[in-house]
Amino acid sequence: MYRTNAAAPGGANLPSLRSHNTALVLDLLRTAGADGISRLELAERTGLTPQAVSKITARLRAEGFATEAGRRASTGGKPRTVLRLVPDAGHAIGVHLDRDELRAVLVDLDGTVTGERRVPVDLGAGADAVVEAVVRETGRLVAGGTGNGRLSEVRTLLGVGVALPGPLDHDRGVLHRVTGFPEWDGFPLRDALARRLGVPVVVDKDTNAAALGLAVGGERGSFVYVHLATGLGAGLVLGGTVHRGARTGAGEFGHQVVQLDGPPCPCGNRGCLEALCLAAIDHGDLPGAARVLGVGAANLAALLDIDRVLLGGRTVARAPEVFVRGVAAVLDARARREGAPDGAVPVTLAPAGARGVAQGAAQLLLAPIFGHPNG
């Protein structure tokens, strides 16, 4: 077993941003876009006093996070000055560390991807090799975007979010027995990367990161994000909040046992959804894999009364219509919702495509700044 240290470096301007009232103001500045918003409107929508809003916006302007966006006619008195967010005042890096690939994106405060790296990686190559790959590729990413390749010297970088297969401990940033790679059990990935990179690091499961990105991006209510690539997992958003469970164990979607005498799974059980789904894919039976996904999604829909299912991952991207149609057919037959207008649980593709997990990983740093839960 590996040991973990609690300490982690501080990030650029992060302490002053992480207050509830500042988050309220920043989120309204972000959603207002280029048109901006006045201080009076900020006070009205946040419930803060005009004096409090003035102090917060003055600090945000001094730190470069807000700027004037012109003036707007007033119903009485002089025109109001409107403010807008400065998107490039802050950045985060999101890293999707899959079993065979590393994808890293540089994201600004608006959530816009301003740089990207994608390289092969072998999660079974050992901790030193994988950590080195993350350090190298994030350095190259900032060298091409905002600096010279040394993350700790990039003034606008708020930190790095890393998303990878579970199980893992999100709070401590420690990996458990990653399915197929038990040698990672107990490795303190967050602290190992924070020491090397010199910036805050947050670690989460790939499916949770993608689900967070979807929630921040506008998906409302309760939904499940199903990710099919080198493995199978799900991210749960219940009532607008990512549901990780007390030990980050929620969403182990692929390890539902659906066939008691089924094929063995690397997790140690038999007849897991992931084993059946990947076996169908190996035999070229994508419609069969879609039906297996549908069975698992129907179980979740019936158990949690979710509003919709979103599909993502490299395998889904190869045949999106096959997977959407196949999963939807099973849900329509097995998990119709009483009281809904048409009874069907909608099934759609996740909008971010192949970048979805990496962009969600960046939101692990950005979302709390704007007051969104579970970042």
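1. The model is predicted. I begin with the largest cavity, which has 19 lining residues; Pro165, Gly166, Asp206, Leu232 and Gly233 are the ones nearest its centre. Two elements, α7 and β12 (232–238), each give two or more residues to this lining. The top contributor is β12, with three residues.

2. The volume of the largest cavity is about 180 Å³. Searching the whole structure turns up one cavity of 30 Å³ or more. By residue class, the lining of the largest cavity holds four nonpolar, nine polar and six charged residues.

3. The largest pocket has a volume of about 410 Å³. Its lining comprises 26 residues, and those closest to the centre are Gly213, Val216, Gly217, Gln359 and Gln363. The elements with two or more residues in this lining are α7 (206–216) and α12 (356–366). Helix α12 gives the most, with five residues.

4. What is the make-up of the lining of the largest pocket in nonpolar, polar and charged residues? There are eleven nonpolar, twelve polar and three charged residues in that lining.

5. The second largest pocket holds about 240 Å³ of space. It is lined by 20 residues, with Gly312, Gly313, Arg314, Gly353 and Ala354 closest to its centre. Strands β5 (101–108), β11 (223–228) and β14 (308–312), together with helices α10 (314–318) and α12, are the elements that give two or more residues to the lining. The residues there divide into ten nonpolar, six polar and four charged.

6. The last item is a helix pair. The axes of α2 (residues 20–32) and α4 (residues 50–62) come within 10 Å of each other and cross at roughly 70°. Because of that angle, α2 counts as roughly perpendicular to α4. The crossing of α2 and α4 is right-handed.

7. Which residues make the contact between α2 and α4? From α2 they are Asn21, Thr22, Val25, Leu26 and Leu29, and from α4 they are Ile56, Thr57, Arg59 and Leu60. Sorted by class, the residues of this contact are five nonpolar, three polar and one charged.

Key:
Residues numbered from 1 in each chain as written. Predicted model: local features only at pLDDT ≥ 70, side-chain atom pairs only at ≥ 80, totals over all residues. Heavy atoms only, no water. Axes fitted to C-alpha atoms, helices over the stretch in contact; angles between N-to-C directions. Helix = DSSP H or I, 4+ residues; strand = E, 2+ residues; numbered from the N terminus. Parallel < 35°, antiparallel > 145°, perpendicular 65-115°, else oblique. Left-handed = near helix turned anticlockwise from the far one by under 90°. Contact = heavy atoms within 4.5 Å. Nonpolar A, V, L, I, M, F, W, Y, C, P; charged D, E, K, R; others polar. 1 Å grid on protein atoms, 1.4 Å probe; cavity = no way out; pocket = protein on both sides within 12 Å on 5 of 7 lines; lining within 4 Å. Points joined across faces, edges and corners; volume = space filled by probe spheres on them.
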